[in-house]
Amino acid sequence: MGSPCYSACTIQSLNPTCPSSSSSSVIFALHKPQIHSNIIQNYTRRRIITCSSNSRRRMASVTALNAVSSSSVEVGIQNQQELKKGIADLYDESSGIWEDIWGDHMHHGYYEPQSSVELSDHRAAQIRMIEKALSFAAISEDPAKKPTSIVDVGCGIGGSSRYLAKKYGATAKGITLSPVQAERAQALADAQGLGDKVSFQVADALNQPFPDGQFDLVWSMESGEHMPNKEKFVGELARVAAPGGTIILVTWCHRDLSPSEESLTPEEKELLNKICKAFYLPAWCSTADYVKLLQSNSLQDIKAQDWSENVAPFWPAVIKSALTWKGLTSVLRSGWKTIKAALAMPLMIEGYKKGLIKFAIITCRKPE
């Protein structure tokens with residue numbers, strides 16, 4: 001590898017109500033994504049101190065990310081209403097930025113191990129993630145057996161819903177906690193001529209507004225990590241699945257515990273707690289925990305696989321895109337929840353590298 005490449009630029013204050021703001025020079029180490037949180041944090045501190053008489057309170061909301069929580073990761077965010085509001089607000093703030101830079105698929109991409117990846121490859125990798133998930137679940141391409149009704153649980157701005165509806169000629173319904181996401185997802189569906197096939201609404205995945213047995217494909221792409229009650233979450237996936245239907249669950253997990261372990265180490269819990277605070281996550285669970293929950297719902301043909309190696313290039317790429325002029329200014333304009341999430345991105349890389357965070361796919365079938 002060559003030497004790190006650096007580029008410098010000057011950031012003007014993004015707060016129009018702050019006439020006293022001056023420019024601050026920021027050095028971007030684009031090939032050193034692990035330092036990006038310091039870059040954003042240092043600039044944010046300067047901006048706050050200059051622009052607001054309430055700067056101490058605002059700065060505390062950013063620097064709190066670096067404080068180690070005294071509670072264990074199992075505690076997470078206990079108040080479910082607070083958690084739901086935090087999730088909705090985070091995605092209300094950040095979804096437009098994500099779409100502008102990364103497109104309409106709000107999830108990891110799938111990469112071949114040790115492959116050389118260019119920035120232009122990442123959107124294709126997100127489509128590849130969908131196709132790999134469908135293949136792993138053995139979804140039939142036979143017109144007589146392909147899905148005809150799909151639910152997208154935690155749909156984002158509807159990228160998966162629209163893709164699957166077009167691929168299979170199916171109807172799809174997406175649910176999200178974010179009103180901004182639901183509105184944007186529907187607008188994109190209408191613009192693509194899918195308004196009669198695909199619909200979106202604000203709803204809770206733990207209390208889905210659908211009758212039993214409605215969908216022959218139940219799709220959850222990176223939403224399970226937000227669910228405060230994993231048992232109820234899996235129960236709802238099973239409830240709305242039609243007899244013979246397939247459930248595809250792709251989610252963040254912590255590593256499986258060994259037979260001699262009762263819990264994660266204190267250091268592991270500290271790291272996950274920091275991520276929980278930034279991304280509005282409750283308690284984490286392992287892939288093995290999910291498998292047990294699926295078994296308890298009498299689901300069949302349960303398969304699970306660790307795709308952590310296949311998503312390894314993703315978070316460095318997201319950080320790199322955030323360190324562009326467009327990415328950084330968008331994050332700083334968006335709001336404190338988005339800034340906190342941006343500061344936590346290197347923690348995800350750390351978790352993957354330590355083998356603590358696992359990117360899992362789990363599929364199963366509901367009995368006929």
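**View 1. The T338 side chain makes a polar contact with the E93 side chain at 2.9 Å.** A polar contact is a pair of N or O atoms within 3.5 Å; within protein, one must be able to donate a hydrogen and the other to accept it, and residues adjacent in sequence count only if both atoms are side-chain atoms. This is a predicted model: local features need pLDDT of at least 70, side-chain atom pairs count only at pLDDT 80 or more, and totals for chains, interfaces and linings use all residues. Residues are numbered from 1 along each chain as its sequence is written, and side-chain values use heavy atoms, with hydrogens and water left out. T338 lies in helix 12 (residues 336–353). Helices (H or I, at least four residues) and strands (E, at least two) are DSSP runs, numbered from the N terminus. T338 is buried, at a relative accessible area of 8%. Buried means under 20% relative accessible area, exposed over 50%, and partly exposed in between (1.4 Å probe, protein chains only). Neighbours within four places in sequence aside, T338 is in contact (heavy atoms within 4.5 Å) with L90, E93, S94, I97 and V331.

**View 2. Strand 3 (residues 149–153) and strand 4 (residues 171–176) run parallel.** Five bridges join these strands. Two strands pair if DSSP finds at least two bridges between them. V153 stands opposite I175 in strand 4. From strand 3 the chain passes through helix 5 (residues 159–168) to strand 4, in a right-handed β-α-β crossover. A crossover is right-handed if, with the strands pointing away from the viewer, the path from the first strand over the helix to the second runs clockwise.

**View 3. Strand 4 and strand 5 (residues 198–202) run parallel.** Five bridges join the two. A172 stands opposite V198 in strand 5.

**View 4. K84 and D204 form a salt bridge.** The closest N and O atoms are 3.3 Å apart. The pair links distant parts of the chain, 120 residues apart. K84 sits in helix 3 (residues 80–102), and D204 in the loop between strand 5 and strand 6 (215–221). A salt bridge is a side-chain nitrogen of Lys or Arg within 4 Å of a carboxyl oxygen of Asp or Glu. K84 is partly exposed at 27% relative accessible area. D204 is also partly exposed, at 21%. The whole structure holds 16 salt bridges.

**View 5. D301 and R365 form a salt bridge between strands.** Their closest N and O atoms are 2.9 Å apart. D301 belongs to strand 8 (residues 300–306), R365 to strand 9 (residues 357–365). The two residues are 64 residues apart in the chain. R365 counts as partly exposed, with 24% relative accessibility.

**View 6. K354 and E350 meet through their side chains in a salt bridge.** The N to O distance is 2.7 Å. K354 is exposed, at 58% relative accessible area. E350 is partly exposed, at 29%. Salt bridges with shared partners also join K85, D89 and K337 into one network.

**View 7. Helix 7 (residues 230–240) has buried residues including F233, V234 and L237.** K230, E236, A238 and V240 are also among them. The buried residues of this helix pack against strand 3, strand 6, strand 7 (241–254) and helix 9 (287–296). At the helix start, a side-chain oxygen of N229 comes to within 3.2 Å of the backbone nitrogen of E231.
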